[in-house]
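Dear colleague,

I am handing over the structure below, and my notes on what was found in it follow. Please read them with the coordinates open beside you.

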Amino acid sequence: MTDGSPVDDGPSATAETGATTTAGAAAVTLDRIAVYPVKSLDAEFVDAADIVENGGLRGDREYAMFDEDGEYVNGKRERAVHRIRSAVSLADGTVELSAPEMDDYDGPIDEADGWLSAYFGYPVELRRDPAGGFPDDTEASGPTVISTGTLDAVASWFDGVDDGEMRRRLRPNLVLDATEPFWEDHLFDRRGRVVEFSVGGVAFEGVNPCQRCVVPSRDPDTGEETPDFRTTFMTKRRETLPEWSGGDWFDHDFRLMVNTAVPESSWGETLSVGDVVTVGDVVPE
């Protein structure tokens, strides 16, 4: 996405945002890695994950559910997805599925079509792409990034919602241990530019603040809509928007989390919990 040359008309991201760790300051590190083996179903947490050939995490969105028309069966289109609980064994390719008024399924992921079809009430097919999975953003197909401080802050906007539930609503891949709310907004710039950063030995380009869909507004267990979620979110996001959350991406305020790309030079590298985050330069996209 970039030729790696610095931008001439402005300072680097580190100079603009102050995100660089200075001597004596605590480093920001990778706190949690989540992969979602079946797109729209539950996360699996891992201590390390390889980067695959499209820049995503190995095993993330490797499977996806489709209807007869070839459309995704996901939380955006099918509220009943929220009531499914899943547990995937990445090592042997099996999944446990449960849902109200359904017998549990425990077997190969590839053979779960019948259970899913019975649950949804129409034919559902699981498809697999082991090379790069089925990312939401095919242009910025790297892991999504958020911080612990952001999860805490945004959860506080809604009664009865804690940081764990907010994480399940937002479904990030990488959670950084930065306690300052919206720290991850250091990792994008204005349109047409990306922010280079690294996590351990893996190079990233921060592309944009993720445009949210209807999924975060729903209870992750029941699918029920949280009253006024979008309005409250947008109001509070605008009120608390840090000065480093700049650029021209905020044509609306229903944006949170950072979409990334991973340069080909880092494909095959491994991310691990505890890796240090280093923010680099702003460069052309």
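With a relative accessibility of 67%, proline 227 counts as exposed, where exposed means over 50% relative accessible area, buried under 20%, and partly exposed in between (1.4 Å probe, protein chains only). Ten residues separate proline 227 from serine 217 in sequence, and their C-alpha atoms are 8.2 Å apart in space.

Before going further, please note that this is a predicted model, in which local features need pLDDT of at least 70 and side-chain atom pairs count only at pLDDT 80 or more, while totals for chains, interfaces and linings use all residues. Residues are numbered from 1 along each chain as its sequence is written, and side-chain values use heavy atoms, with hydrogens and water left out.

Helix H3 (residues 148-155) is largely enclosed by the rest of the structure, because six of its eight residues are buried. Those buried residues are Gly149, Thr150, Leu151, Ala153, Val154 and Ala155, and their cover includes strand S9 (145-147), helix H4 (163-170), strand S10 (174-176), helix H5 (229-239) and strand S13 (255-261).

Phenylalanine 182, in the loop between S10 and strand S11 (193-199), is buried at 3% relative accessibility. Leaving aside neighbours within four places in sequence, phenylalanine 182 is in contact with Thr150, Ala153 and Val154, among others, and its partners also include Trp157, Arg237, Trp244 and Leu256; contact here means heavy atoms within 4.5 Å. Phenylalanine 182 and alanine 153 are 29 residues apart along the chain, and 8.6 Å separates their C-alpha atoms.

Arginine 167, in helix H4, deserves a look of its own: this residue is buried yet has no salt bridge, and the nearest side chain of opposite charge, that of aspartate 163, is 6.9 Å away. Lys and Arg count as positive and Asp and Glu as negative, whereas His and the chain ends are not counted.

Helix H2

In helix H2 (residues 113-120), the residues Trp115, Leu116, Ser117, Tyr119 and Phe120 are buried, and the buried residues of H2 pack against strand S4 (63-66), strand S6 (94-98), S7 and strand S8 (125-128). After H2 comes glycine 121, whose phi is positive, near 85°.

Charged side chains

Side chains of opposite charge can pair when their charged atoms come close. How many salt bridges does a search of the whole structure find? The search finds 19, a salt bridge being a side-chain nitrogen of Lys or Arg within 4 Å of a carboxyl oxygen of Asp or Glu.

In one of these pairs, the side chains of lysine 39 and aspartate 136 meet at 2.4 Å, N to O. That pair links distant parts of the chain, with lysine 39 in the loop between strand S1 (30-35) and strand S2 (44-46) and aspartate 136 in the loop between S8 and S9, 97 residues apart. Lysine 39 is buried, with a relative accessible area of 4%, whereas aspartate 136 is exposed at 55%.

Arginine 128 and glutamate 62 also form a salt bridge (2.6 Å, N to O); arginine 128 lies in strand S8 and glutamate 62 in the loop between strand S3 (48-50) and S4, so the pair ties together parts that are 66 residues apart in sequence. Arginine 128 is partly exposed at 48% relative accessible area, while glutamate 62 counts as buried at 12%.

A further salt bridge joins aspartate 251 and arginine 255 (3.2 Å, N to O), of which aspartate 251 is exposed at 54% and arginine 255 is buried at 6%. There is also a network of salt bridges that links Asp42, Arg85, Arg168 and Asp221.

Finally, Glu96, Asp103, Asp104 and Asp106 gather in a patch of negative charge on the surface, where patches are made of residues with over 30% relative accessible area and no salt bridge, like charges being joined within 9 Å and nonpolar side chains (Val, Leu, Ile, Met, Phe, Trp, Tyr) within 5 Å. Of this group, aspartate 106 is found in strand S7 (residues 105-108) and counts as exposed, at 59% relative accessibility.

With best regards

Technical notes. Helices (H or I, at least four residues) and strands (E, at least two) are DSSP runs, numbered from the N terminus. Accessible areas come from the Shrake-Rupley method with a 1.4 Å probe; for residues, only the protein chains shown count as cover. The place of a charge is taken as NZ of Lys, CZ of Arg, CG of Asp or CD of Glu.
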